[in-house]
Amino acid sequence: MSEPVRIGVLGFAHGHVSTYCSEWNNSELGIQVVAGWDHDPARLRKAAETFGLQPYEDVTALLDRDDIAAVVIASETSKHADLAEQAAAAGKAIILQKPMALTIREADRIVEAVRKHGVPFTMAWQMRADPQNRQMKQWIDSGELGQLFMIRRRHGLAMGLQESFADSWHVQSEYNRDIWADDAAHPIDLLYYWLGVPESVTAEIESLYNPRIPMNNGIAIFRYPGGPIAEVNCSFTCTAAENTTEIIAERGTIVQNYGDATSCNIARPGDGPGLKRFEAATGVWTASDIESPPNHGYRIRGLAQPLAEFVRGERPPLATAEEGRTSLRLVLACYASSLQGRRVTLDDPMIERL
């Protein structure tokens, strides 16, 4: 293999980036993490010791290095726009952790910076890399299911039950919005990846447990012209689950189990398939040969290789800056609907004001 591509990390707030850095220690992936910055000195010091990278207290000094071709932005969400603008101006390829930004205005700044400077950019959407999710997209796109009627995607975490999580940056307004914006973004983007942009959104989001971890349960319905009707069901006070996805179609049904942290991290009741498909014509269930992940960490590690391939110029982005902005708009539309108590379209004025 040719010389590895050298990259830097801007912020270690988002825990997933530590998994990528660990995986990129494998020289076969062609990536070398050489530098890092964080506004939190303790977090920066820990990352430098763990991964053997050069720590920087100043972002500009890191970005001035000619040998660094790309950066991973994994800071708190409120810092994404500033860091993306600086990285783009320095000519670095950008991998951006989710969610893209706090507001549409911030997302616009990221899109404009990427366009102005012409740098490669991808969102780090792990669900777009999951093999079973990609298989379901292939079945949807091929048309072999016939007409799609309904899709339900359940997504959960137990973080909302943990008192210590209330002290994390994920639920501090100066750094992030709340747990819905932070993590419901995953299945919402997955629906966008599968189906495109919906016609309207209806949502109910509530703070049902610890008020210091707000918006911890919610349901959003996405209407597509002529179907399907798609649902995202998120509970961040969920200790156990099994079923993750159901797709109801003219020629059969798809069922996926163990496709999120809540379902794949616990002991499973049996050895049934994680992904299976029912054919209406034959009346038979057929199991996919794509195995379910043994745990959530396995799913996160699975993103390291496609991100490495993107940085090396061997594959397109998982999601462009424009797509990242659209996913954010869908997330914010959920808030606009819940706050107003009605169905909203994606041009609803409240979305821009949130």
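Biologist: What makes Leu10, Trp180 and Phe222 stand out in the largest nonpolar core?

Modeller: Of its 84 residues, these three touch the most other members. Helix H7 (residues 179–195) contributes the most to this core, 12 residues; helices (H or I, at least four residues) and strands (E, at least two) are DSSP runs, numbered from the N terminus. This is a predicted model, where local features need pLDDT of at least 70, side-chain atom pairs count only at pLDDT 80 or more, and totals for chains, interfaces and linings use all residues. Residues are numbered from 1 along each chain as its sequence is written, and side-chain values use heavy atoms, leaving out hydrogens and water.

Biologist: Why is this called a nonpolar core?

Modeller: Because its members are buried Ala, Val, Leu, Ile, Met, Phe, Trp, Tyr and Cys residues joined through side-chain atoms within 4.5 Å. Buried means under 20% relative accessible area, with exposed over 50% and partly exposed in between (1.4 Å probe, protein chains only).

Biologist: Which residues does Phe222 touch, not counting residues up to four places away in sequence?

Modeller: With contact meaning heavy atoms within 4.5 Å, they include Ile188, Leu191, Pro228 and Cys334.

Biologist: What makes S8 and S14 the edges of the open sheet of eight strands?

Modeller: The order is S8-S9-S10-S7-S11-S12-S13-S14, with mixed pairing. Strand S8 (200–206) and strand S14 (284–287) each have a single partner strand, so one side of each lacks a neighbour in the sheet. Two strands pair if DSSP finds at least two bridges between them.

Biologist: How do you know that S12 and S13 pair?

Modeller: Five bridges join S12 (residues 252–257) to S13 (residues 275–279), and they run antiparallel. The definition asks for at least two, so they pair.
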